[in-house]
Amino acid sequence: MLDLILRGCRLPERSEPVDLAIAGGRIVDVGTAGEPARETIDVAGRLVTPGLVEAHIHLDKALLTERVSGSAETAADAIRLTGAVKRGFTADDIARRARRVLDLAVAAGTTAMRAHVEVDPIVGLMGMETMLSLRREYAPAVDLQLCAFAQEGILQAPPTETLLRRALEMGADLVGGCPYNDTDARRHIEIVFALAAEFGVDADFHVDFTDEPEHLHVREIVRQTMQTGWQGRVAVGHLTELAALPGPEQAALIAELAAARIGVISLPLTDLYLMGRRDTRNVRRGLTPIRRLLEAGVPVALASNNIQNPFTPIGTADPAHLTFVGAVAAHMGTRDLMRDLVATITRHPARILNLRDYGGDAGCRADLVVWECERVEEIVMALPPRRLVVKAGRVTVEHDRRTVERWRSGAAPRSALG
């Protein structure tokens, strides 16, 4: 007997609705399901996509707006303001704020996530210990990758290399660096790659996060990716400096990224908020060149980064909202380009996170979202509600919305809100 049948699913690549037959946490057939199932749900022609993938988020420093006085004008300001608040973190505090964000993400249809967890002399391993516990707690709803991340630098914060190693020994899934916030960027990158090689894990860098090409540390990341044979196992976030390069130089560097199979993660809310602050006219968008990267075959993800803290004072943890912003900020408003934007919160981040058996075909893991719409581009155009979320073949979230238009119907007032 099947575990679940979703009838009447409108899949992105098919013109007619089909049934999805699910057993053992996987899609076993796409077509017309005739076998009995423990649960059968008619989705009535709604769009069904693979689960959303959040490729870059900071759960441990989310929801800090009320604790910070003033606002950040630059990335350096945001690091400084957040670093001051971090000194008051406790394990319970981190867990409470992270749960609030995880609950939002899961309800939105996120079934996989990569969280950067700060490991440094300020918080030590407290954040990693807390997030490892949350990874187990939320396993039925979301696959949570934990990146041991050196936000405060490595060389300028001497115990950090040892702390990163201990975090990996504890069970962190990968290692992350921030070369622009250290005294020797090249050595910082070397240490991260050495740890990645020692533990056999992927590497993920915050990189080149200014308006002008002041650093271009991504070139060293490309070089070391090729040197260590880590192609397909490296991601870079922000990369806003790439947009400031002249066309031929930009194209050449994009070709190098493609050859090294490095994934690029654009963080539109943070990048739009912090970039271009010194521009008094024709203020720059401050985004990495998403369309040109995609055209060159580079996997590009849109991700939340921070939720309501000095880096990003807003945020909902809903990846679909990022496509809505991206359509405008990256000039991606045609039907085909909006479909490409949906791929930046599904297929591309799944590739960057090296998720196995991801997708909507037979044999793939049954991580799915049922949307209140019929066409893929509507996700970007209208931010439709989610009807169901399925994780590993089990319905994890069911949204039941009821709207009463009292002005139309003349419905009698109720005594209480419900």
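Predicted model: local features only at pLDDT ≥ 70, side-chain atom pairs only at ≥ 80, totals over all residues.
Local features were required to have pLDDT of at least 70, and side-chain atom pairs pLDDT 80 or more, while totals for chains, interfaces and linings use all residues. Residues are numbered from 1 along each chain as its sequence is written, and side-chain values use heavy atoms, with hydrogens and water left out.

Helix 4 spans residues 160-170, and helix 5 spans residues 185-199. Helices are DSSP runs (H or I, at least four residues), as are strands (E, at least two), and both are numbered from the N terminus. The two helix axes come within 11 Å and cross at roughly 25°. Each axis is a line fitted to C-alpha atoms over the stretch in contact, and angles run from 0 to 180 degrees between N-to-C directions. Helix 4 and helix 5 are therefore roughly parallel, a term for angles under 35 degrees. Their crossing is right-handed: the near helix is turned clockwise from the far one by less than a right angle.

Contact means heavy atoms within 4.5 Å. On the helix 4 side, the contact is made by Glu-161, Leu-164, Arg-165, Leu-168 and Glu-169. Helix 5 contributes Ile-191, Leu-195, Glu-198 and Phe-199. By class, this contact has 5 nonpolar, no polar and 4 charged residues. Nonpolar covers Ala, Val, Leu, Ile, Met, Phe, Trp, Tyr, Cys and Pro; charged covers Asp, Glu, Lys and Arg; the others, Gly among them, are polar.

Lys-391 is found in strand 15 (residues 386-391). The Lys-391 side chain makes polar contacts with two aspartate side chains, Asp-143 at 3.0 Å and Asp-367 at 3.0 Å. A polar contact is a pair of N or O atoms within 3.5 Å; within protein, one must be able to donate a hydrogen and the other to accept it, and residues adjacent in sequence count only if both atoms are side-chain atoms.

Asp-60 lies in the loop between strand 6 (52-57) and helix 1. Beyond four places in sequence, Asp-60 touches residues including Phe-89, Arg-97 and His-116.

Ala-75 belongs to helix 1 (residues 75-86). Leaving aside neighbours within four places in sequence, Ala-75 is in contact with Phe-209, Leu-274 and Phe-311.

Technical notes: Parallel < 35°, antiparallel > 145°, perpendicular 65-115°, else oblique.
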